[in-house]
Amino acid sequence: PDVLPRADLAVKRPERPHPPADWMIDVAAPGDEVQVRAGGNFWYRLADDARRESRHLCLVAGGIGINPLFCVLQSFAADLAAHPDCGATATLVFSAVSEEELIFRREIDALVAASRGRITAHYIVTGARRPPMEGEAADAAASAALGTDEARGEALEQLNGVVRAGWVDAELVSAALQPPRQPGRGGGAAREGDGTVTS
């Protein structure tokens with residue numbers, strides 16, 4: 001709602017004919033009018049959460065499924081900006097077949113950068129043919145995340161904003177369930193991701 005009347009929607013070219021997606025990809029042009037029907041009950045508003053001071057959202061998305069979670073993350077970031085003293089945090093784990101399919105990555109990275117350590121993002125590329133050298137260090141950091149809460153926080157700080165080859169596994173999700181350490185809130189200074197690509 002904070003960005004209306006603008007709405008961003010990623011559409012993946014389907015393998016089989018799909019009239020709405022085919023029209024949006026092959027026919028639609030800037031300025032065309034479309035009708036949109038909203039449905040479902042998939043949202044989160046920090047202001048409505050009685051536990052907002054200690055809430056940690058863990059969002060896990062794959063491919064084009066980032067659409068609704070990107071909306072949740074945008075709303076969460078807007079709420080954080082409106083309530084800068086709130087202790088809520090969020091972690092996004094986003095996987096795709098290729099780095100090119102990490103849609104909205106620039107926008108997500110901007111939300112991370114503006115959040116002052118309260119939002120982190122971790123990118124996984126599942127279609128890589130071989131793990132890169134840098135990816136081994138990222139894998140080691142993800143494995144370390146199964147240890148203590150402090151180790152989890154340090155491991156996730158190392159992975160923030162980094163694209164690594166592999167799969168979303170229990171170790172990474174376990175680490176992502178832990179809130180990022182924030183400056184002035186009992187942890188070390190949170191580091192922002194540098195956008196390093198390791199896939």
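The questions and answers below go through a predicted model, from its overall make-up to single residues.

Residues are numbered from 1 along each chain as its sequence is written, and side-chain values use heavy atoms, with hydrogens and water left out. Because this is a predicted model, local features need pLDDT of at least 70 and side-chain atom pairs count only at pLDDT 80 or more, while totals for chains, interfaces and linings use all residues.

Q: What percentage of the 199 residues in the protein is buried?
A: A residue is buried under 20% relative accessible area, exposed over 50% and partly exposed in between (1.4 Å probe, protein chains only). Out of the 199 residues in the protein, the buried share is 37%.

Q: What percentage of the accessible surface belongs to carbon and sulfur atoms?
A: Accessible areas come from the Shrake-Rupley method with a 1.4 Å probe, and for residues only the protein chains shown count as cover. The accessible surface of the protein is about 11,700 Å². The part belonging to carbon and sulfur atoms is 54%.

Q: Which residue of β2 is the bridge partner of Ala61?
A: Two strands pair if DSSP finds at least two bridges between them. Strand β1 (residues 56-62) pairs with β2 in the parallel sense over 7 bridges. Within β2, the partner of Ala61 is Phe94.

Q: Which residue in β3 stands opposite Ala90?
A: Strand β3 (residues 119-125) runs parallel to β2, and 7 bridges join them. Opposite Ala90 stands Ile119.

Q: Through which helix does the chain cross from β2 to β3?
A: A crossover is right-handed if, with the strands pointing away from the viewer, the path from the first strand over the helix to the second runs clockwise. The β-α-β crossover from β2 to β3 is right-handed. The helix on this path spans residues 105-114 and is α3.

Q: How far apart are the closest N and O atoms of Glu101 and Lys12?
A: Side chains of opposite charge can pair when their charged atoms come close. A salt bridge is a side-chain nitrogen of Lys or Arg within 4 Å of a carboxyl oxygen of Asp or Glu, and Glu101 forms one with Lys12. Glu101 lies in the loop between β2 and α3 and Lys12 in the segment before α1 (19-26), 89 residues apart. The closest N and O atoms are separated by 3.3 Å.

Q: Is Asp79, the partner of Arg45 in a salt bridge, buried or exposed?
A: The side chains of Arg45 and Asp79 meet at 3.4 Å, N to O. Arg45 is in the loop between α1 and β1 and Asp79 in helix α2, so the pair ties together parts 34 residues apart in sequence. Arg45 is partly exposed at 24% relative accessible area. With a relative accessible area of 7%, Asp79 is buried.

Q: What is the phi of Phe104?
A: Most residues other than glycine have a negative phi. Phe104 is found in the loop between β2 and α3 and counts as buried at 13% relative accessibility. Although Phe104 is not a glycine, its phi is positive, about 65 degrees.

Q: How many disulfides does the structure hold?
A: A disulfide is a pair of cysteine sulfur atoms within 2.5 Å. Cys71 is partly exposed at 43% relative accessibility, and Cys86 is buried at 4%. The number of disulfides is 0.

Terms used
Helix = DSSP H or I, 4+ residues; strand = E, 2+ residues; numbered from the N terminus.
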